[in-house]
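Subject: Structure for you to look at

Hello,

Here is the structure I promised to pass on. Please open it and keep it beside this email while you read.

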Amino acid sequence: MVQQSFQLYDTTLRDGTQMAGLALTVDDKLAIARSLDALGVGFIEGGWPGAVPKDTEFFRRARTELDLRAALLTAFGATRRPDVAVSQDPQVRALLQAETPVVTLVAKSHTGHVDRALRTTLAENLAMIRSTVQHLVLAGRRVFLDAEHYFDGYVSNREYALEVVRTAAEAGAETVVLCDTNGGSLPEEVKAVVADTIAMTGAAIGIHCHDDTGCAVANTMAAVDAGAVHAQGTAHGYGERCGNANLFTVMANLVLKRGREVIPLERLVELEPTGRVIAEVTGIPRVPAAPYVGTAAFTHKAGLHASALRVDPGLYQHIDPARVGNAMRVLVSDMGGRSSVELKARELGYDVAAGSDAVGRAAARVKELESRGYSFESADASFALLLRAELAGHTPPAPFGVESWQVALDGDGGAQASIGLRVAGTPRTATGLGREPVHALDAALHQALDPVFPALTGLRLTGHTVRELAGDRTTPPSVRVLLSFRCGDRRWGTVGVDRHATGAALTALLDAVHYVLSDAPERRRDTESLVAAPAG
């Protein structure tokens, strides 16, 4: 394992789990550690052995179940307790029993915390730091020390804060990490304090920032610019209160904006996929607008942007999204025009000529439908059907027709739908049950169509939203339903608008079915030659 000059340190498995609503099993923690290691992160903090039973179990299992290639596993814990011999402190013993190559100690650097939280003297706090670091170093561990509340402590008593750093470094701590624990600092303050600390102590300095002012990433970058050689953060900025510095943003900024290869350059393309995998493990939805890895990070909606992007994508993007494993997306809406439609068509794999009549017709159709309440931003499949009709110059013949449908609510809070279809001249009827009307309609459509069109068996409804739209003097009130689907490894959405939510839902469901069938082998045959199954 090559030791990198800059230390990129992840604390998702410890500090990140302090986020409200985030709870990880040992299996979850092992899976996240593997993903971070594959990305190339240098250090992975696994938790606090001895203090948290789940973390003790994690380190026990990690010894045989984690085969880390890039990262070093790190155990986190506190310095010895006041007036207790370091060799007798059970928490320090637990750190050694975790058998990690690196140990990170947390220590007080704010005099108020030493007095009121630790309830000991300033001299004893320094002795606790010195003896614990020395004990772990003599046991063969690399030691980092997190100087908790450092920036507030520096303001309160600069000389004592500096003495904490000197004491840790002289005792053998490889890096002393300055923590903006309350997250209240601003970049210029962080830069000045880090620069002064380095100048006055000569220690190798790291940075650990919280995001309570919205500046955790900016503060981390300011610290690195001032000479910090170690940066801590969490996946997606998970953490207590407002979270920690987002390690993905810090990582990409350091590589792409500062030229520091803090992970192997060829691994940067795994940034977005890694973020997606970790979000799936934690169950915490990703922030669409998150830099570099968000689904909206390279998404464009305004027509002015689309016109420029058609000429040169770099005109409205600070990097090529492919460098971090992401992709450019164009949203089709009434704010766009021909350029938006053209770029979206190419994104979806359609070869369209610039300025073609079909593109113009599609753009006009989008504007007209959106004036009636449609929204195609999250409905790629509905837009694709619209585009195909305009490219062909007509609406392709439907593989089936809807002759009747109804939905009734039952007394137990569920719904029952019945639907009558005609497929290749043969009538088919089906019923479906679901917790809501949209689920009942979806079940009825599958029952009627799956035996005839096997491609539909893999279509899964994964989510839906309903919004009531106010009318005006020319347009009556209506309802818009957006549906999301998964079919194999593909995900997309559809939209429907109607006076009633069930009608809008059926429109969106039919778009999904038509979208799948337009690519299915049986759809490409002459539907009149299909041998329909017996009517259900």
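A nonpolar core is a set of buried Ala, Val, Leu, Ile, Met, Phe, Trp, Tyr and Cys residues joined through side-chain atoms within 4.5 Å. Buried means under 20% relative accessible area, with a 1.4 Å probe and protein chains only.

This is a predicted model: local features need pLDDT of at least 70, side-chain atom pairs count only at pLDDT 80 or more, and totals for chains, interfaces and linings use all residues. Residues are numbered from 1 along each chain as its sequence is written, and side-chain values use heavy atoms, without hydrogens and water.

The largest nonpolar core has 88 residues. Leu145, Tyr150, Val176, Met251 and Leu271 touch the most other members. Helix 10 (residues 247–257) gives the largest share of this core, eight residues. Helices (H or I, at least four residues) and strands (E, at least two) are DSSP runs, numbered from the N terminus.

A second, separate core holds 56 residues, including Ala379 and Leu449.

Three strands form an open sheet in the order 11-12-13, with antiparallel pairing. Strands pair if DSSP finds at least two bridges between them. Strand 11 (400–409) and strand 13 (426–434) are the edges. Strand 12 (residues 415–423) pairs with strand 13 over nine bridges. There, Gly420 stands opposite Thr429.

Which strands does helix 16 (residues 437–449) touch? Helix 16 packs on the sheet and touches strand 11, strand 12 and strand 13.

Best wishes

How values were computed:
Buried < 20%, exposed > 50% of the residue type's maximum accessible area, 1.4 Å probe, protein only. Contact = heavy atoms within 4.5 Å. Axes fitted to C-alpha atoms, helices over the stretch in contact; angles between N-to-C directions.
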